[in-house]
Amino acid sequence: ACVHCYADSSPLGGSEGEMSVDRWRQIIDDFADAGGERVLFTGGEALIFSGCDQLLRRAHERGLNVTLFSNGILIDRHLDVIRECVDQVQISIDGPDPETNDPIRGAGSFDRAKKAVDTLLNAGVRVRISMVVMEQNIEAMRTGFVPFARQWDGKPLEWRLGYGVAHHGRGAEIGDTLEIHDVRPIVDELLKEVEGNGGPRIARSTKTCGYAEQIV
């Protein structure tokens with residue numbers, strides 16, 4: 001129920017028209033048979049889908065590179081299949097502290113997401129933390145992101161900081177006026193301080209969901 005969700009997802013959303021596990025399994029097979037290489041499981045929260053574990057395992061069995069986007073709440077329940085079948089898990093956190101993150105992502109979500117990151121790292125799973133830099137958190141990110149990130153120094157952890165809100169779904173309604181050129185210098189400087197100077201970064205010229213990059 002994040003305030004900037006571009007998919008306009010909701011815990012209250014219905015399941016009308018939801019495809020069956022068998023249909024999804026066939027899509028994964030067809031994609032792999034056609035030479036597909038990567039699959040992303042996302043939502044909302046993909047792990048809510050009752051057949052998600054089966055599909056993660058099927059994608060892995062078919063040799064696909066499997067990425068899972070998650071808010072972290074159900075990681076403990078599905079840790080075994082994630083450890084076995086998922087190449088990378090991206091956990092969404094939208095602030096360096098509960099006071100910033102929770103008004104955006106929901107009460108208690110900061111602590112649950114941080115716990116999920118630690119659980120995954122301890123299980124040997126590759127983790128990426130995704131954070132959207134937006135008007136609601138930009139000042140907290142300026143001052144708090146680096147100390148927040150330092151707690152995982154030396155861990156196999158990657159960062160993905162978004163250059164502002166994608167203006168789709170609820171993201172179109174929150175009135176965030178920051179544009180990429182406003183946010184990018186701040187984001188790049190924060191990442192440089194945490195990751196070092198890794199060379200040029202690829203940045204989209206528009207704020208999109210990235211769905212054209214792989215099967216989702």
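Predicted model: local features only at pLDDT ≥ 70, side-chain atom pairs only at ≥ 80, totals over all residues.
**View 1. Helix 1 meets helix 2.** Let's start with a pair of helices: helix 1 spans residues 21-33 and helix 2 spans residues 52-61. Their axes come within 10 Å and cross at roughly 15°. Angles under 35 degrees count as roughly parallel, so helix 1 and helix 2 are described as roughly parallel to each other. Their crossing is right-handed. On the helix 1 side, look for Val21, Trp24, Arg25, Ile28 and Asp29; in helix 2, their partners are Gln54, Leu55, Arg58 and Ala59. Sorted by type, the residues of this contact comprise five nonpolar, one polar and three charged.

**View 2. Asp176 in its loop.** Next, find the loop that runs between strand 5 (157-163) and helix 7 (180-195), where Asp176 sits. Asp176 counts as buried because its relative accessibility is 7%, and the cut-off for buried is under 20%. A polar atom of the Asp176 side chain lies 3.0 Å from the backbone nitrogen of Leu178. Apart from neighbours within four places in sequence, Asp176 is in contact with Met134, Glu135, Gln136, Val165 and His167.

View 3. With a relative accessibility of 1%, Asn137 counts as buried. Which residues does Asn137 touch, not counting those up to four places away in sequence? They are Asp94, Gly95, Thr100, Ile104 and Val132.

Notes: Residues numbered from 1 in each chain as written. Heavy atoms only, no water. Helix = DSSP H or I, 4+ residues; strand = E, 2+ residues; numbered from the N terminus. Buried < 20%, exposed > 50% of the residue type's maximum accessible area, 1.4 Å probe, protein only. Polar contact = N/O pair within 3.5 Å; in protein donor to acceptor, adjacent residues only side chain to side chain. Contact = heavy atoms within 4.5 Å. Axes fitted to C-alpha atoms, helices over the stretch in contact; angles between N-to-C directions. Parallel < 35°, antiparallel > 145°, perpendicular 65-115°, else oblique. Left-handed = near helix turned anticlockwise from the far one by under 90°. Nonpolar A, V, L, I, M, F, W, Y, C, P; charged D, E, K, R; others polar.
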